[in-house]
Amino acid sequence: MASVIYNEFKEELMKGNVDLDGGTFRADLLMTNTTCDTENDAVVTNANFTTPDVCDGANYTHKVLSTLAVTKVDASDRATWGADNLTWTALGAGTRQIQGVLIYKYDTNFNSSMPICFIQFSSNKTADGSDFTVSWDSTNKILYLT
């Protein structure tokens, strides 16, 4: 189990078919029964995942990424892709702990959307009714290329 960038996204990005600072992107918290951390090769859309295991805690909603930005960083020879941090207000406990967050290029609905990456947390998290925040790394953002 680990973070993953999906092969379909890599191909579409290289073909110039993904506009990271102009498209609609969403995020979902995934619980510990997810297979999104182990399925990479045959995944074209979210419908191809065996078990997404989207969070089922009270007050849970899909999140839209906002303030998308692609930034060239000459000092470290990289480009980053970032967005505002995400907060789920008063997120109640689900049936399992939260393992990570799935980022995807939204297209009509969850199943028809193209997964970009799954970011696994350093440890599983338990929602407890307080706000649940995902903060992107201040240097690396959501993704980076070197």
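This is a predicted model: local features need pLDDT of at least 70, side-chain atom pairs count only at pLDDT 80 or more; totals for chains, interfaces and linings use all residues.
**Entry 1**

Trp88 and Phe132 make one of them: their ring centres are 6.4 Å apart and their planes meet at 70°, which is over 60 degrees, so I noted the pair as edge-to-face. I then checked where the two residues sit. Trp88 belongs to strand β6 (residues 86–88) and Phe132 to strand β9 (residues 132–134), so this pair ties together parts that are 44 residues apart in sequence.

Another pair I looked up is Tyr104 with Phe110. Their ring centres are 5.3 Å apart with planes at 85°, so this pair is edge-to-face as well. I also checked their cover: Tyr104 and Phe110 are both buried.

Which residues do ring pairs link into a cluster? I wrote down Tyr60, Trp88, Phe121 and Phe132.

**Entry 2: charges over rings**

I wanted to see where an arginine meets a ring. Arg26 lies over the face of Tyr106, and I noted 3.7 Å from the ring centre. Arg78 has its charged end over the ring of Tyr144, at 4.0 Å from the centre of that ring.

**Entry 3: the sheet around β5**

Then I looked for the neighbours of β5. On one side I found strand β4 (residues 69–73), which pairs with β5 in the antiparallel sense over five bridges. Within this pairing, Thr71 has Thr80 of β5 as its bridge partner, and Val73 stands opposite Arg78 in β5. The two strands form a hairpin with four residues between them. In that turn I noted Asp77, which has a positive phi of about 50°.

Strand β10 (residues 143–145) also pairs with β5: three bridges join them, and they run antiparallel. Here Ala79 has Leu145 of β10 as its bridge partner.

I put these together as an open sheet of three strands in the order β4-β5-β10, with antiparallel pairing. Which strands are at the edges? They are β4 and β10, since each pairs on one side only. From one strand to the next, the twist averages 20°.

A reminder to myself: strands of a sheet pair through backbone hydrogen bonds, either parallel or antiparallel.

**Entry 4: the pairings of β8**

Strand β8 covers residues 109–125, and I found that strand β1 (residues 4–5) pairs with it in the antiparallel sense over two bridges. Ile5 is the residue that stands opposite Cys117 in β8.

Strand β7 (residues 98–107) pairs with β8 too, antiparallel and over eight bridges. β7 and β8 form a hairpin with one residue between the strands, where Thr108 takes a positive phi near 75°.

**Entry 5: salt bridges**

How many salt bridges does the count give? I got three, and I went through each of them.

Glu11 and Lys15 meet through their side chains, at 3.2 Å from N to O. I checked the exposure of both. Glu11 has 37% relative accessibility and so counts as partly exposed, whereas Lys15 is at 52% and counts as exposed.

Asp53 and Arg96 form another salt bridge, at 2.4 Å from N to O. Asp53 lies in the loop between β2 (25–31) and β3 (63–64), and Arg96 in the loop between β6 and β7, so the pair ties together parts that are 43 residues apart in sequence. Asp53 is buried, with a relative accessible area of 11%. Arg96, at 29% relative accessibility, counts as partly exposed.

Lys72 and Asp74 make the remaining salt bridge, and their closest N and O atoms are 3.8 Å apart. Lys72 is exposed at a relative accessible area of 64%, and Asp74 is exposed at 53%.

Note on methods: Residues are numbered from 1 along each chain as its sequence is written. Side-chain values use heavy atoms; hydrogens and water are left out. Rings of Phe, Tyr and Trp (its six-membered ring) pair if their centres lie within 6.5 Å; planes under 30 degrees apart count as stacked, over 60 as edge-to-face and the rest as tilted. Buried means under 20% relative accessible area, exposed over 50%, partly exposed in between (1.4 Å probe, protein chains only). A charge sits over a ring if NZ of Lys or CZ of Arg is within 6 Å of the ring centre and within 35 degrees of the ring normal. Two strands pair if DSSP finds at least two bridges between them. Axes are lines fitted to C-alpha atoms, for helices over the stretch in contact, and angles run from 0 to 180 degrees between N-to-C directions. A salt bridge is a side-chain nitrogen of Lys or Arg within 4 Å of a carboxyl oxygen of Asp or Glu.
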